[in-house]
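Subject: Structure for your review

Dear colleague,

Please find below the structure that I am handing over to you. A summary of the findings follows it, and I would ask you to read the two side by side.

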Amino acid sequence: MSSIRLVLLDIEGTTLPISFVKDVLFPYSDRVMPDLLREQADHPLVKVALADIEAAHPGCDPLDQLRAWTQRDEKVAPLKTLQGLAWKAGFESGALSARLYPDVAEALRAWHEAGLRLAVYSSGSASAQRLLYGYSDAGDLTPLFEAFHDLDIGGKKIAESYREISARAGVAPHEILFLSDVGAELDAAHEAGLKACQLIRKEDGTVPYPGVRHAADLHDVSRQFELPVS
Ligand SMILES: CSCCC(=O)C(=O)COP(=O)(O)O
Ligand SMILES: [Mg+2]
């Protein structure tokens, strides 16, 4: 019998192909960003993001900075906030629909139905996470999750972030399983006492990280950690 009560999931490279982010989401936000910054200049989140960009790179052109961060896939809060706002209209209009890995919806539904608690921890903003799972090819999966954590809780490579997630959920660290494609994130979760497993997605060419458990997909996670399967 598994002692896991909560599964905490990364998104990019774990439940969603990196190519979907790089080839679909990023070009979309790059394209609409100039209009967004102009038309939503009074939006409180836009104001905060622009102030953060100016503080980090005084005197820079915000659009150039955002494009540079996007090209390097940097997980910085102002970029993630503005990308989330940019994708909103795309998902709500039907122009965007999240192409999750084919095993994801079935496994998440089975885990949820069996009483496992589910939460997201991604660098993408919490509102962008809700859009992705709300407008996915497998339908609206947001009701399966009890929480959507983003960089507001702290960086994903810092153990304290995982301790905070554990405290907020009221679940002991060793009863939480964190799934991610990034070794440094798994190290931080492990340091906080969580169980951790790296998703090795063939499509993403994930390089196996030494010293952690590996799984090919969420069904493989179910098998290895004795979680409910559909
Ligand atoms: C709502 S996540 C969209 C993809 C994204 O921008 C991102 O940064 C995901 O990073 P992750 O921490 O899920 O690997
Ligand atoms: Mg990831």
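**Two domains**

In this predicted model, the domain assignment divides the protein chain into domain 1 (6-16 + 98-225) and domain 2 (20-93). The centres of domain 1 and domain 2, taken over C-alpha atoms, are 24 Å apart. Where the two domains meet, 12 residues of domain 1 are in contact with 11 residues of domain 2. On the domain 1 side, the residues that touch domain 2 comprise 5 nonpolar, 4 polar and 3 charged ones.

**How the helices pack**

Before turning to the individual pairs, please note how such packing is reported. Two packed helices are described by the angle between their axes and the distance between the axes.

Consider helix 1 (residues 18-39) and helix 3 (residues 62-71), whose axes come within 11 Å and cross at roughly 165 degrees. Angles over 145 degrees count as roughly antiparallel, and helix 1 is therefore roughly antiparallel to helix 3. Their crossing is right-handed. Helix 1 contributes Phe-26, Asp-30, Met-33, Pro-34 and Leu-37 to the contact, while helix 3 contributes Pro-62, Leu-63, Leu-66, Arg-67 and Thr-70. The residues of this contact divide into 7 nonpolar, 1 polar and 2 charged.

The next pair is helix 2 (residues 44-56) and helix 4 (residues 77-93), which pack at an angle of about 150 degrees with their axes 9 Å apart. Helix 2 and helix 4 are therefore also described as roughly antiparallel to each other. The crossing of helix 2 and helix 4, however, is left-handed. On helix 2 the contact is made by Leu-45, Val-46, Ala-49, Asp-52 and Ile-53, and on helix 4 by Ala-77, Pro-78, Thr-81, Leu-82 and Leu-85. By class, this contact has 8 nonpolar, 1 polar and 1 charged residues.

How are helix 1 and helix 4 oriented to each other, roughly parallel or roughly perpendicular? The axes of helix 1 and helix 4 come within 9 Å and cross at roughly 95 degrees. Angles of 65 to 115 degrees count as roughly perpendicular, and helix 1 and helix 4 are therefore roughly perpendicular to each other. Leu-25, Tyr-28, Ser-29, Val-32, Met-33 and Leu-36 of helix 1 take part in the contact, together with Leu-82, Gln-83, Leu-85, Ala-86, Trp-87 and Gly-90 of helix 4. The contact of helix 1 with helix 4 has 9 nonpolar and 3 polar residues, and no charged residues.

Yours sincerely,

A colleague

Conventions
Residues numbered from 1 in each chain as written. Chains lettered and ligands numbered in written order. Predicted model: local features only at pLDDT ≥ 70, side-chain atom pairs only at ≥ 80, totals over all residues. Domains from an automatic or database assignment. Contact = placed C-beta atoms within 7 Å. Nonpolar A, V, L, I, M, F, W, Y, C, P; charged D, E, K, R; others polar. Axes fitted to C-alpha atoms, helices over the stretch in contact; angles between N-to-C directions. Helix = DSSP H or I, 4+ residues; strand = E, 2+ residues; numbered from the N terminus. Parallel < 35°, antiparallel > 145°, perpendicular 65-115°, else oblique. Left-handed = near helix turned anticlockwise from the far one by under 90°.
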